[in-house]
Amino acid sequence: MKQFLLFIGGLVLLLIIVGSLGPMILLGVSIWLLYVVFKQFMKSETTAGKIGWTIVGLVVLMIGISNIYAVIGLVAVYGLYLIIKNWKNDDNIIDSKTDDPFTNFEKQWAEYNR
């Protein structure tokens, strides 16, 4: 049952990631552009240049703020990472208390393949 819930949760998070892929790309581009604008602002020596780069920076900042929904996508990426991590950990759990010969065979086979 736990595997099924992890699968459904992973599927929902994957759909959220695909839905917010565009805003995540635009947020990354706007952060990169803000970095470039800041570097050009620091290189500029004239007051008109600094004012121009400030205006460009504010426009790019507004673009970045409008794509703040990308944070939901980033949280979904982290959640999907945690689900995949838990999925891999659950596959390796074998109950050693059972006397079922098939379970013991699987346990021994896993030990031989190490």
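A contact means heavy atoms within 4.5 Å. In this chain, residues 24 or more positions apart account for 70% of the contacts with a separation of 6 or more. The model is predicted: local features need pLDDT of at least 70, side-chain atom pairs count only at pLDDT 80 or more, and totals for chains, interfaces and linings use all residues. Residues are numbered from 1 along each chain as its sequence is written, and side-chain values use heavy atoms, with hydrogens and water left out.

**Overall architecture**

- The chain holds 5 helices and 0 strands, where helices (H or I, at least four residues) and strands (E, at least two) are DSSP runs numbered from the N terminus.
- Read from the N terminus, the order of elements is α-α-α-α-α.
- Of the 114 residues in the chain, 19% are buried; buried means under 20% relative accessible area, exposed over 50%, and partly exposed in between (1.4 Å probe, protein chains only).
- The accessible surface is about 9,000 Å², and carbon and sulfur atoms contribute 72% of that area; the areas come from the Shrake-Rupley method with a 1.4 Å probe, and for residues only the protein chains shown count as cover.

**Annotated transmembrane regions**

- An unreviewed UniProt entry places the feature "transmembrane region" at residues 12–35 and 55–84; UniProt positions follow the numbering used here, feature names are shortened, and annotations may be inferred rather than shown by experiment.
- Residues 12–35 are 96% helix and 0% strand, with end C-alpha atoms 33 Å apart.
- Residues 55–84 are 90% helix and 0% strand, and their end C-alpha atoms lie 43 Å apart.

**Helix 2**

- Helix 2 covers residues 21–43, and its 23 residues should span 33 Å at 1.5 Å a residue, which agrees with the 33 Å between its end C-alpha atoms; the expected span is 1.5 Å times one less than the number of residues.
- Met24, Leu27, Ser30 and Val37 are buried in helix 2.

**Ser44, Trp53 and their surroundings**

- Ser44 lies in the loop between helix 2 and helix 3 (47–66) and is buried, with a relative accessible area of 14%.
- Leaving aside residues up to four places away in sequence, Ser44 touches Gly49, Lys50 and Trp53.
- Trp53 belongs to helix 3 and is partly exposed because its relative accessible area is 28%.
- The C-alpha atoms of Trp53 and Phe38 are separated by 7.8 Å, the two residues being 15 residues apart along the chain.
- The charged end of Lys50 sits over the ring of Phe41, 4.6 Å from its centre; this requires NZ of Lys or CZ of Arg within 6 Å of the ring centre and within 35 degrees of the ring normal.
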